[in-house]
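Take it one topic at a time and follow along in the viewer.

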Amino acid sequence: MALPEENPVYSPFFGVMGAAAAIIFSALGAAYGTAKSGTGIAAMSVMRPELIMKSIIPVVMAGIIAIYGLVVAVLIAGSLDEPSKYPLYKGFIHLGAGLAVGFSGLAAGFAIGIVGDAGVRGTAQQPRLFVGMILILIFAEVLGLYGLIVAIYLYTK
């Protein structure tokens, strides 16, 4: 019985898909977080324009999510090689790393967008809400960080 080929020609496909998933899904999360928080800022700033700069925090935090995906995508893309030197195992690991950071970034971006939207609108009416909003945003951001940690751990396997 012949053993299966260790480095099939399609093995880099999985690495490329991991890199693509990392940046695509984390950028989707960041875009949603930015858009949702941005609409809240725009609605709030009509009545309280002095709070615009203070309310930018959710948008910045959403942008950080995309950086997590970018880091993992660049790491994976940098280790891609021709099929004869790229084992299938490595392709699967890179796919898992990309999906881990991508989907956790998508989830974090959704959470940041929803909390940021409601938080900046609420802070405009009750300024004491600001600290609570920041704490909730930190917990939402950490979801993306967990995905980055798992992705880097997988990448180093």
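How far apart do the end C-alpha atoms of residues 95-154 lie, and how much of the span is helix? The end C-alpha atoms are 10 Å apart, and 95% of the span is helix, with 0% strand. Please keep in mind that this is a predicted model.

**What the UniProt record says**

- An unreviewed UniProt entry lists "domain: V-ATPase proteolipid subunit C-like" for residues 17-76 and 95-154.
- In the model, residues 17-76 are 82% helix and 0% strand, and their end C-alpha atoms lie 10 Å apart.
- The annotation "transmembrane region", from an unreviewed UniProt entry, covers residues 12-35, 56-80, 92-117 and 129-155.
- Residues 12-35 are 100% helix and 0% strand in the model, with 34 Å between the end C-alpha atoms.
- Residues 129-155 are also 100% helix and 0% strand, and here the end C-alpha atoms are 40 Å apart.

**The nonpolar core**

- The largest nonpolar core contains 27 residues, and those with the most contacts inside it are Ile65, Val72, Val101, Ile112, Met133 and Leu137.
- Two or more residues of this core come from each of α1 (11-45), α2 (57-79), α3 (88-125) and α4 (129-155).
- Leu137 is worth a click: leaving out residues up to four places away in sequence, Leu137 touches Pro58, Met61, Ile112, Val115 and Gly116.

**How the helices pack**

- The axes of α3 and α4 come within 8 Å of each other and cross at roughly 175 degrees.
- That angle is why α3 counts as roughly antiparallel to α4.
- Sorted by class, the residues in the contact of α3 with α4 are 21 nonpolar, ten polar and one charged.
- α2 and α4 pack with their axes 10 Å apart, at an angle of about 5 degrees.
- α2 is therefore roughly parallel to α4.
- On the α2 side, the residues making this contact include Ile57, Pro58, Met61, Ile65, Tyr68 and Val72.
- On the α4 side, they include Phe130, Ile134, Leu137, Glu141, Leu148 and Tyr155.
- The residues of the contact of α2 with α4 divide into 18 nonpolar, two polar and one charged.

- Is Ser55 buried or exposed? Ser55 counts as buried because its relative accessibility is 5%, which is under the 20% cut-off.
- Ser55 sits in the loop between α1 and α2. Setting aside neighbours within four places in sequence, Ser55 is in contact with Ile41, Met44 and Val120.
- Ile67 belongs to helix α2. With a relative accessible area of 46%, Ile67 is partly exposed.
- Ile67 and Pro49 are 18 residues apart in sequence, while their C-alpha atoms are 29 Å apart in space.
- Leu143 lies in helix α4 and is partly exposed, with a relative accessible area of 38%.
- Which residues does Leu143 touch, not counting those up to four places away in sequence? They are Ser104 and Ala108.
- Leu143 and Val101 are 42 residues apart along the chain, and 9.5 Å separates their C-alpha atoms.

Conventions: Residues numbered from 1 in each chain as written. Predicted model: local features only at pLDDT ≥ 70, side-chain atom pairs only at ≥ 80, totals over all residues. Heavy atoms only, no water. Core = buried A, V, L, I, M, F, W, Y, C linked by side-chain atoms within 4.5 Å. Buried < 20%, exposed > 50% of the residue type's maximum accessible area, 1.4 Å probe, protein only. Helix = DSSP H or I, 4+ residues; strand = E, 2+ residues; numbered from the N terminus. Contact = heavy atoms within 4.5 Å. Axes fitted to C-alpha atoms, helices over the stretch in contact; angles between N-to-C directions. Parallel < 35°, antiparallel > 145°, perpendicular 65-115°, else oblique. Nonpolar A, V, L, I, M, F, W, Y, C, P; charged D, E, K, R; others polar. UniProt positions renumbered as here; feature names shortened; annotations may be inferred.
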